[in-house]
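Colleague: Take me through this model. I want each label set against its cut-off.

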Amino acid sequence: MKEKNPKRTDSPLIFERSRPGRRGTAVPEPDVPTRPLEELLPKAMMRKEPPSLPEVSENEVVRHFTEISLMNHHVDRGFYPLGSCTMKYNPKVNEQTARLPGLADLHPFQPTSAVQGALRLMWELGEMLKEIVGMDEITLQPAAGAQGELVGALLFRAYHTAQGDPRKKIIIPDSAHGTNPATVRMAGYEVVTLKSNEEGRMDPGALESALGEDVAGVMLTNPNTLGKFESDVEEIARLVHEAGGLMYMDGANLNALIGVARPGDLGYDIVHLNLHKTFSTPHGGGGPGAGPVAVKEHLAPYLPLPILTRAGDGGYALDWERPESIGKVHGFWGNFGVLVRAYTYIRMLGRDGMRRTGMAAVLNNAYMSARLEGTYSLPYGRGMHESVFSGSFLKEHGVRTLDVAKRLLDFGVHAPTVYFPLIVPEAIMAEPTETETKDELDRFCEAMLQIAEEAKADPEFVKNAPYSTPVRRLDEALANRRPNVRYRPEGSD
Amino acid sequence: MSYVPHSDADRQEMLRAAGVSSEEELFADIPDKFRLREPLDLPSALSEWETVRTLGRLANESKHLLCFAGAGYYDHHTPAAVDHLIRRSEFYTAYTPYQAEVSQGTLQSIYEFQSMICELTGLDVANASMYDGASAMAEAALMADSIQRDRQKIVLSITANPHYRQVLDTYNLGLQLPVEIAPRTDGGVTDLERLKELVDDDTSAVIVQSPNFYGAIEDLEAAAGIAHDAGALFIAVVDPVSLALLKSPGACGADIAVAEGQPLGIPLSYGGPVLGLFAARGDYIRSMPGRIVGQTEDVDGRRGFVLTLQTREQHIRREKATSNICTNQGLIALAATIYMATVGKGGLRQVAETSAQVAHYAYDRIVAETDLEPLFPDAPFVREFALQTPGDARQLIEKGADRGILAGVALSRFPHIDVDDGLLVAFTEKRSKDDVDLLLEVLKEA
């Protein structure tokens, strides 16, 4: 039989391309007098065979990773409305500046006299971020949003311990990201989950009855994971503070507020920022991100070590003498390369560009939501920068949200976040971001509407999607049942 | 500048479709008193050229130094193919592979990464990376505690990187696990006799680093034996380049191995982004933190890869998750994967061997030609060792920096160690005989 498309369609593992004796690069031989290794290292501690890494040529390495890369959807190729992830465009100049010699080649233990440019960049970035969120002090050290959350929860502990009692509980709403309760546990607190009201917001009355002397504070994303602004935040902050607690804002959704309102003004004591969401640094297939934490003055003594300071002569230094600090969270000073990209972004946009960002992110979502809400229901109404639709109306046809998500892939669009937040049945959480054109939003909405039609007319067709992706629906249950998480090359231990 | 693409006509049309007359109306839920009326106090926008010039000036305010510094972070060469490939949009502008059907590039590369880390460590399973070596060690201690539910105590050797110990202390603020510190011998390695005394039936894990903070190779097998005899787990903190020469932690009996992955071709970048390596025995896979990729099949029977065992993770298990980590260091793990593929089996060994040869050559010359003495003359090392200095080594380092040389890392900048003064010096395959000559000129003046 003639094969119309004889191209190989699966990609071998890099290990399967390996042939003994192939080399991908030449490593320098020592140009100093040498001795046999056995004289240098204790024999009993030496390895007999080097680790079985692949043996491939440079050309094969480049072809391999190029080939597998082509199986990825990505922002530079198409729309990526993953709710709560803020998949905005990643400006190319960021990649250029992050690789400047003088930034990319500094050893973290160079004396501070030899890294003044890097420290100035961190200082100025900190000042700009503090202004954007309306806070007094900041640490740039946390390597990701979740690590920023951990810092935040440990700041609760440090603050209350200094008041004489670390307290026992932290309150979060039932709409919270999974990282919030996981973080609360890591910080040694009990989680109290508060049911959201019918508007999808935190209810001050319910909060009041949950507050008490054993409550360290509240973690409240704003806008929340439904995209709704917590309009009672002033009252909530008053109640929490009266009970001696602290207010923490998960900054996952800060993109909606940039230049519009500031967490510090809203009554929050602590906020973490995701530079990989709000400040355009790339998501990298799952990091690296950065999760700076900004606080009000009364929490400044507890921030992680070291704190960046500015000396009288205009120079910058790292201050390690902070006896009340929670300590270090990163082996060095955080994801510096990510900080360079965020700094570049803010300098490019300036004050006017930052303001337009929040406005446009919300406008894009309003437009997208208006086009879809006649077909996909919005149990809690439109959100600010993102909206959470429900796919429940397709259940009568036997089609689920998961099927809609998979079918979207055939349209060259990444699926929205699905089945989160947990309080919306068959949730479809879509966040367009400000960098998408109206035309792109139209294409997405038309795809969503077409899929709803397909689901009614031919449910099986939608349930078997996707059709055009590099692989089709994958068996996750099989992967769980019989975990195969590594290749075993020949000669492997 | 902003990256907002809308024309005025677009904006008007979108507002109309949304049923509002102005953008202001979209923010009606925000109480008026909280609305910013004045623009933020930020600098004005710059053009792209002005931005590049501004960053270029900042870059010029730092010094490029010939690097003999280590302390967990090494100046190895990165083959050109690594940065070329991680700059592909397909990799760096994607996110966590939530939709596996359109993320096979990321997923397959993570599976390959996990496989390579298993090869290096001699263990069965590895995750998709942690933030860095320090947080990987802290998470390993928390994992051991959750596996050994009826045991509390962590025993950590004093020869481990003091910054790692600081991060462990921070991660432990909430749980308040007792941490006891095993002392070292005069020879610069963990005192195994004393370690044995500290490990008891309440010990969940013993943690030893090798090569340790001073560059000395530890007897991991003996330490693992002490841990296991008392029913505790053994966590080895290792160095991925040294593992091309040294017996793997798995072969030494480690239950969990963690490492700073930066030596695998990751740029210095003032300390980040780097990546934590995390591997364990197969029995413990369901207690591991972080993302794990598994192989499976699609409906047509073709091989494919998915995020697996997700019931460990925060988005499913919430407060019962093994960790709060989600986003990790994906692109850096990819860079390490490409690095390991490019240098390959023979190349990684050559990197380690050249580094070791240059380090030993320099050691001999320092002992012969300068007044500096090694801190631990009997300790075997791979590519880093500690020198005694007359007083704080920071002055020596400042002097070296004036001449373009980063002569090492001053021990005086670290807490939690029992050495006041001294200098850690490290060598990689990039350092030549001429470079060693330059270092000696600085050290002779100490």
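Modeller: Start with Gly267(A). Gly267(A) is buried, at a relative accessible area of 15%.

Colleague: Why is Gly267(A) called buried?

Modeller: Buried means under 20% relative accessible area, exposed over 50%, partly exposed in between, with a 1.4 Å probe and protein chains only. Gly267(A) has 15%, so the label is buried.

Colleague: What are the ground rules here?

Modeller: This is a predicted model, where local features need pLDDT of at least 70 and side-chain atom pairs count only at pLDDT 80 or more, while totals for chains, interfaces and linings use all residues. Residues are numbered from 1 along each chain as its sequence is written, chains are lettered from A and ligands numbered from 1 in the order written, and side-chain values use heavy atoms, without hydrogens and water.

Colleague: Where does Gly267(A) lie, and what is in contact with Gly267(A)?

Modeller: Gly267(A) is in the loop between α9 (263-266) and β6 (270-273) of chain A. Helices (H or I, at least four residues) and strands (E, at least two) are DSSP runs, numbered from the N terminus. Contact means heavy atoms within 4.5 Å. Leaving aside neighbours within four places in sequence, Gly267(A) contacts Ala237(A), His241(A), Met247(A) and Lys296(A).

Colleague: What makes Lys277(A) a residue to look at?

Modeller: An unreviewed UniProt entry annotates Lys277(A) as "modified residue: N6-(pyridoxal phosphate)lysine". UniProt positions are in the numbering used here, feature names are shortened, and annotations may be inferred rather than shown by experiment. Lys277(A) sits in helix α10 (residues 275-278) of chain A.

Colleague: Is Lys277(A) buried or exposed?

Modeller: Lys277(A) has a relative accessible area of 10%, so Lys277(A) is buried. Beyond four places in sequence, its contacts are Ser84(A), Cys85(A), Thr86(A), Lys88(A), Ala252(A) and His283(A). The backbone oxygen of Ser84(A) is 3.0 Å from a polar atom of the Lys277(A) side chain.

Colleague: How do you know that the buried residues of α2(A) line one face?

Modeller: Helix α2 (residues 58-69) of chain A has twelve residues. Glu60(A), Val61(A), His64(A), Phe65(A), Ile68(A) and Ser69(A) are buried in α2(A). Seen down the axis of α2(A), its buried residues fall within an arc of 160 degrees, so they line one face of the helix. The arc is that of the directions from the helix axis to the C-beta atoms. An α-helix has 3.6 residues a turn, so residues three or four places apart point the same way.

Colleague: What covers the buried residues of α2(A)?

Modeller: The cover includes α3 (80-86), α4 (89-92), α5 (104-121) and α12 (330-369) of chain B.

Colleague: What makes the Thr159(B) pair with Glu218(B) a polar contact?

Modeller: A polar contact is a pair of N or O atoms within 3.5 Å; within protein, one must be able to donate a hydrogen and the other to accept it, and residues adjacent in sequence count only if both atoms are side-chain atoms. The side chains of Thr159(B) and Glu218(B) make such a contact at 2.8 Å. Thr159(B) lies in the loop between β3 (153-157) and α7 (162-171) of chain B. Thr159(B) has a relative accessible area of 0%, so Thr159(B) is buried.

Colleague: How many residues of chain B count as buried?

Modeller: Of the 446 residues of chain B, 68% count as buried. Chain B has 14 helices and 14 strands.

Technical notes: Expected span 1.5 Å × (residues − 1).
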